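Here is a short briefing on one protein chain. Keep the sequence and the model open while you read.

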Amino acid sequence: MIRLGGRCARWPRGAAGPAGRRGAAGRAGRALRVLLDLDGVLADFEGGFLRKFRARFPDLPFVALEDRRGFWLSEQYGRLQPGLSEKAISIWESENFFFDLEPLPGAVEAVKQMASLEDTDVFICTSPIQMYKYCPYEKYAWVERHLGPGFLDHMVLTRDKTVISADLLIDDRPDITGAEPNPSWEHVLFTACHNRHVQLLPPGRRLHAWTDDWRALLDSKRPR
């Protein structure tokens, strides 16, 4: 158990958590399982980074959001000026970076609605950075703050998402690889400033924003 805000992170035994409601017999024996990335899908990593970078280093060059290309933000900053990659990394290694991120528009409402659907299990599946002094705790604290303590038992922190079993993974990283060459989930690319230019090969799919019809996306994975 992790204690957050004076409360235990464990959802009370027997209480209704964030997982979706079950029908009388379920669908094909189990609920639809959806993995949601946190940074860049629910939390505004890019916007939060840019604000803090410009506040800490006001005289240094920066990459505007419309000019972002590629998942690895530090690599693009490194190409901009020598030494800038390390300064970029220092931003998200700092205390309160992950906790202070603002939710992306519509994300909180969509996740809560998704978790209330019948025969649907929703998990937050997120990768902590290797400098772990603040990041893991702050990810839990962010979820408790914005989604409520009931979601804490539905968090998965892993550096390798390919080994997690699910039907769908909604993630802003275009290339997700790991120990499992054929993950069980379908990767749906969540549109972010850094991946707008990426051309998906069929049958790849995108979710452009939480105002899009994410329900149809989930329904497409349910048994007919």
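Helices (H or I, at least four residues) and strands (E, at least two) are DSSP runs, numbered from the N terminus. On that basis, the elements of the chain run β-β-β-α-α-α-α-β-α-β-β-β-β-α from the N terminus on. That comes to 6 helices and 8 strands.

This is a predicted model: local features need pLDDT of at least 70, side-chain atom pairs count only at pLDDT 80 or more, and totals for chains, interfaces and linings use all residues. Residues are numbered from 1 along each chain as its sequence is written, and side-chain values use heavy atoms, with hydrogens and water left out.

**Overall burial and contacts**

- Buried means under 20% relative accessible area, exposed over 50%, and partly exposed in between (1.4 Å probe, protein chains only).
- Of the chain's 224 residues, 48% count as buried.
- A contact means heavy atoms within 4.5 Å.
- Take the contacts between residues at least 6 apart in sequence: 65% of them join residues at least 24 apart.

**The sheet**

- Two strands pair if DSSP finds at least two bridges between them.
- An open sheet is formed by 6 strands, in the order E5-E4-E3-E6-E7-E8, with parallel pairing.
- Strand E5 (155-157) and strand E8 (205-207) are at the edges with a single partner strand each, so one side of each has no neighbour in the sheet.
- From one strand to the next, the twist averages 30°.
- Angles run from 0 to 180 degrees between N-to-C directions, and axes are lines fitted to C-alpha atoms, for helices over the stretch in contact.
- E3 (residues 32-36) is joined to E6 (residues 168-171) by 3 bridges, and the two run parallel.
- In that pair, Val 34 stands opposite Leu 168 of E6.
- On E3's pairing with E4, the sense is again parallel, over 5 bridges.
- Here Arg 33 has Asp 121 of E4 as its bridge partner.
- E3 is mostly covered, with 4 of its 5 residues buried.

- Helix H5 (residues 135-147) lies across E4 and E5, and runs at about 160° to E5.

**Nonpolar cores**

- A nonpolar core is a set of buried Ala, Val, Leu, Ile, Met, Phe, Trp, Tyr and Cys residues joined through side-chain atoms within 4.5 Å.
- The largest one has 50 residues, and Ile 170 and Trp 210 have the most contacts inside it.
- Helix H4 (residues 107-115) gives the most to this core, with 6 residues.
- Another core, of 9 residues, lies apart from it; Ile 164, Ala 166, Ile 176 and Trp 185 are among its members.
- Leaving out residues up to four places away in sequence, Trp 210 touches residues including Leu 36, Pro 105, Met 114, Ile 170 and Phe 190.

**The H2–H3 pair**

- Two packed helices are described by the angle between their axes and the distance between the axes.
- H2 and helix H3 (residues 84-92) pack at about 145°, with axes 7 Å apart.
- From H2, the contact uses Leu 73, Ser 74, Tyr 77, Gly 78 and Leu 80.
- From H3, the contact uses Leu 84, Ser 85, Ala 88, Ile 89 and Trp 92.

- Most residues other than glycine have a negative phi, and most peptide bonds are trans.
- Asn 96 is not a glycine, yet has a positive phi of about 75°. Asn 96 lies in the loop between H3 and H4 and is partly exposed, at 34% relative accessible area.
- Asp 119, also not a glycine, has a positive phi of about 55°. Asp 119 is in the loop between H4 and E4 and is buried, at 3% relative accessible area.
- A cis peptide bond, with omega about 5°, joins Pro 202 and Pro 203. Pro 203 is in the loop between strand E7 (186-190) and E8.
- Asp 67 sits in the loop between helix H1 (45-56) and helix H2 (73-80). Asp 67 is partly exposed, with a relative accessible area of 45%.
- Asp 67 and Cys 193 are 126 residues apart along the chain, and their C-alpha atoms are separated by 7.9 Å.
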